[in-house]
Amino acid sequence: MPAFVSNSARLHLSRAGFARIALLPLALVATALFLLPMAKLVLVGATGDMGLAAYAAILLEPRYRASLISTVGLAAATTIAALAIATIAGLFLQRHRFPGRAVLIAMLTFPLAFPGVVVGFMIILLAGRQGLIGDLASRLTGEKIVFAYSIQGLFLGYLYFSIPRVILTIMAAVEKLDPALEEAARTLGAGPWAVHRDVIFPALGPAFVASGAIAFATAMGAFGTAFTLATNIDVLPMVIYTEFTLSANITMAAALSVGLGLVAWASLAFARSLSGGTVAAAG
Amino acid sequence: MRDRLIVAGQFLFTALVAAFLIVPAILSMLAGITVNYFRGIASGFTLQWVIQVWDLYSETIARSFLVAGAALLATLVIGVPAAYALIVRGGRLSRAVEEIITLPLAIPGLAIALALLLVYGGFSDFRRSWLFILAGHVIFTLPFMVRAVMAVLATIDVKTLDEGAASLGAGPWRRFRDVIVPNARPGILAGALSVVTLSLGEFNLTWMLHTPLTKTLPVGLADSYASMRLEVASAYTLVFFVMIIPLLVAMQLFADISSGSRSQA
Amino acid sequence: MSEGRGVALRVEACAKTFPNGARALEAVTLDVDHGETVVLLGPSGCGKTTLLRIIAGLEAPDAGGRVLFNDADVTDVPIEKRNVGMVFQSYALFPNMSVAENIGYGLKIRGISRKERGERIAELTELTGIGGMEQRRIDQLSGGQRQRVALARAVAIHPSVLLLDEPLTALDAALRERLRGELDRLLRTLGITTIYVTHDQAEAMALGDRIVVMRNGAIAQIGSPRSVYFEPNSRFVAEFIGAANILQATVKDGYAVLPGGRMRMPKGTFAGPVTAMLRPEAIAIIQAEGTDLCGSVESVSFTGGRQRLIVTGAADRPIVVDAPNSLRVETGQRVGLSIESSAVRLLPEDRQ
């Protein structure tokens, strides 16, 4: 017959106690390595010579404003292009089976973990001075085309790391489409374009927004690609970098970082509120 | 007939996009083992560039593995118990904690690095050691481990299993060891793969945090792109691919197995 | 094979308010004898599972509540130390362990030697009818087999109290009925003090020595299956346990005055308005001429072993009658109803 423990000494931890211990390392690390630094960042941005005006400078100072506009523009253009490309390719891949399909899909998704620097290098190989495209162009037309170091090159680079991210989400969403809806539309006389416009794209809407927001946030925060391509287009991450390392303008760098962080976080929060799951940008 | 054309067009388009993504990668791998990229394959194959990369960057590559391994260890020790505690507690606090640790994924690496520098830049010993890099990597990779483990724990109703083991007399540590960890294994493995892959490839954070003595592989890549000839940069990229692609394949296979789906050929 | 009798259990003034403010249980006091099987029965949200979890030690009662095992206060003792055997609704079998390892887990924690564990496991697989499956993994088992493993695991540790949280709910109807009988036999053999939670009243009546009917966090009635069935103390209990005809009528001179005639009430019924309950099987169908209470048959539902008739016009609402299947009756036919006065149960006004 088992003996009963007297209600005096609690011999070991209740589950609540264990949970607290289990969370302690996390709490310490998150506070020391993230919360504290972030708070400091926000503070530094607000306590320089300009005070809180540093944050306003993002919009008021022409240089920063131009950078913000070009970054947002680039990110938006990348997102739209990536979505369009991923939709065409995604619809095709999800609805047709053929030998080599898995290989094609692997090719389209493998750049997922490439750091931005490598992506920049890829663009140089394609469109730089010794690039493939320049080579082909000079053989065909006698004129070498080099555009890696211009806005087109940057755009291509951003596209390079955005397509794999977006295409996986789109393909997953296409898989979940209900074929009965398209069949119903066709029985009512809708041609292929109408079916796409009225049934497929609206159904893919949430996936567009979710993956689009991720792509946008990633593009906004991308640094390595612009760094490698060393263009004279100053995207916001590059401005932050130069402010910090070259101009030692820590206040501005901090303020810009906070601004950039807010924009990226806001678009991801937006995507999450629609998709109901957690999403992440990286790169 | 028109349908066939459309399908063919879509196939061509998709193939073109795939080519856009893969051709430069193949080019870089080739360039890394070609004698002279400008003259192309005709100039012959060689390993001299790879050897040169090894001479120049072996220490950097080793350091990348060190950081990745240490990050893995840290995220295991910190993340697995935390994931268990969050799932078992549930409620608003858990959701808030989850939000907070996922924040580093939303904020650009640059910003996080800057923040770390502002707070810890003054501790010169710490700031100059590879531990500083590790700190950034841990913050960045921790959410992946925690979420991977939480995802698996959520599907196996860990709360009831925990209560079941408790009703049989097992204390919290015993339960964690006998029931929770073995059943969380797929999540732990998936998380581990993610952490290592992400750490090896991390650049934005590391570039801001590094010193000439604490470079990692991607930092070395950036150096080589800027200052080395194309063949050497390509050889270095080749080394990176050789390291990272098996990991990516393993992650993809793992995702397929654990989600029960198989990609159709 | 006797397993010992378990403890006498007392739940004293246990209430439960959750942190989000939800009041799951009002102060409840319950005494359970050694070896008794008590069923907590009620609709979802009535607090039965909360009460079970308080007894288990998974929830703590609000201040002032106590749980006693054989007069020892175990309120502050965590579940790991209470030595209860619990079968969860989803069984909570450990996927990383085999059947034998699952069953033996509680013994392993208690430091029982491997040899002894093996003997006990063999004993239990035999008892629960899963002999030969010891090495199987959990995902290779059917629902019924998993239920047996869960039971074997809970019993292996010689628990003071056996707690079962809707153990048959996860199974399909046919299996549930078959397992109900087996479970009953098993519980009788084991003889451990058992608390069984269910929302299924047939299950409750088949398995319980006593039934505790719960509603909105409080006990509505406690009694043996027969007493709860024949003598419900409220409309809620009357309707929850089995089918019930609830009639409103006025009593005069010992008879209830009804639209279809009159019905004799039990001796000593006061005159005035009453709420009365009649079970469908307590009403006999006879010829209409010369009968005190008549009505007409609205529908006949032949279910094989019995027939269910709906009779209108006799009372203020349609009456459900459970009639033998040999009775020849047609819809629209005028029939008489014969009711023993002792079968009429008076209910208090229900504050719905």
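Two strands are taken to pair if DSSP finds at least two bridges between them. Strands (E, at least two residues) and helices (H or I, at least four) are DSSP runs, numbered from the N terminus. The model is predicted: local features need pLDDT of at least 70, side-chain atom pairs count only at pLDDT 80 or more, and totals for chains, interfaces and linings use all residues. Residues are numbered from 1 along each chain as its sequence is written, while chains are lettered from A and ligands numbered from 1 in the order in which they are written.

Chain C holds an open sheet of 5 strands with antiparallel pairing, in the order β15-β19-β16-β17-β18. Its edge strands, β15 (283-286) and β18 (319-324), each pair on one side only. Neighbouring strands are turned by 50° against each other on average, direction ignored. Within chain C, β16 (residues 294-302) and β19 (residues 334-339) pair over 3 bridges in the antiparallel sense. C:Gly295 faces C:Val335 of β19(C).

A:Ile163 touches, among others, B:Val17 and B:Leu21.

In chain A, 8 of the 10 residues of helix α11 (residues 236-245) are buried (20 or more other C-beta atoms within 10 Å of the residue's own, with C-beta atoms placed from the backbone). They include A:Tyr241 and A:Phe244.

Key. A residue is buried if 20 or more other C-beta atoms lie within 10 Å of its own, exposed if 12 or fewer, and partly exposed in between; C-beta atoms are placed from the backbone. Axes are lines fitted to C-alpha atoms, for helices over the stretch in contact, and angles run from 0 to 180 degrees between N-to-C directions. Two residues are in contact if their C-beta atoms, placed from the backbone, lie within 7 Å. Lists of a residue's contacts leave out its neighbours within four places in sequence.
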